[in-house]
Amino acid sequence: MGIHGLRRWHANGTQGRHILKVEIVKDILSANEQIAQENRRLFDEKGVFVLNVMAAPGAGKTSLIERTIEALRDRLRIGVIEGDVASTIDADRIARLGVPVVQINTGGACHLDANMVRVALPRLPLDETDLLLIENVGNLICPTSFALGEHLKVMIASTPEGDDKPYKYPGMFSVVDVLALNKVDLLPLLEFDLDYFRRGVEALNPDVAFFPVSCKTGKGVQEWIDWLVERCRAS
Ligand code: MG
Ligand code: ZN
């Protein structure tokens, strides 16, 4: 599905087909954009503030979502959409916290798109939701090309991934509104140059809100929560 199925066409294509392929990709993205705008209208109508949480596999998306739910569930009504290629492991973790959660299994696709979210929405109590956290599929590349209707794009990087990631994956670092650097409790064990990492981020996205956190120890999580509540209120 999506943009990736078209690679086969490219591989088999003539020059003429190559031009056609580019136009199809554009059509897919503009169709996605249209559905994303419909999702966004629905969120605004229902007063739901929506985050699209993106990261590489294992960076701590589900862990930060868990921390956020624990910190805010007495103040905000929270819902979650979990995107994964397979399994309900993450949705099961969220369900244990007692908030409504829907698992989307993409069946191989490496990102969520606006239509997958649209299909999931009727299974959530949007009229009784203030904050919807959408966990995208673990991937640093294509999730940025597919808007879901979110108000904020959230990225989680983690220290074991290395301090060079802003330089190697500039696309995602450029477009996000907020960046959490998770697993800072591991910094003493790693050769991770925090200044080098931050310089890379700042060159791409000088306005990004940046939070060094440890979902394991809880360090830095309160700063993220305070910022999120403020953004939620201002919306
Ligand atoms: Mg996860
Ligand atoms: Zn993808």
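**A close look**

Valine 176 lies in the loop that links α7 (170–175) to β6; helices (H or I, at least four residues) and strands (E, at least two) are DSSP runs, numbered from the N terminus. This is a predicted model, in which local features need pLDDT of at least 70 and side-chain atom pairs count only at pLDDT 80 or more, whereas totals for chains, interfaces and linings use all residues. Residues are numbered from 1 along each chain as its sequence is written, chains are lettered from A and ligands numbered from 1 in the order in which they are written, and side-chain values use heavy atoms, without hydrogens and water.

With a relative accessibility of 4%, valine 176 is buried (under 20% relative accessible area; exposed is over 50%, partly exposed in between; 1.4 Å probe, protein chains only). Beyond its neighbours within four places in sequence, valine 176 has contacts (heavy atoms within 4.5 Å) with Met54, Lys153, Val154, Met155, Asn205 and Val208.

Strand β6 (residues 178–182) pairs in the parallel sense with β7 (residues 209–212) over four bridges; pairing requires at least two bridges found by DSSP. Opposite valine 178 stands alanine 209 of β7. From β6 the chain passes through helix α8 (residues 194–204) to β7, in a right-handed β-α-β crossover: with the strands pointing away from the viewer, the path from the first strand over the helix to the second runs clockwise.

As for the cysteines, the model has zero disulfides, defined as pairs of cysteine sulfur atoms within 2.5 Å. The sulfur of cysteine 215 has its closest cysteine sulfur in cysteine 232, 18 Å away, which is too far for a bond. Cysteine 215 is buried, at 10% relative accessibility, and cysteine 142 is buried at 9%.
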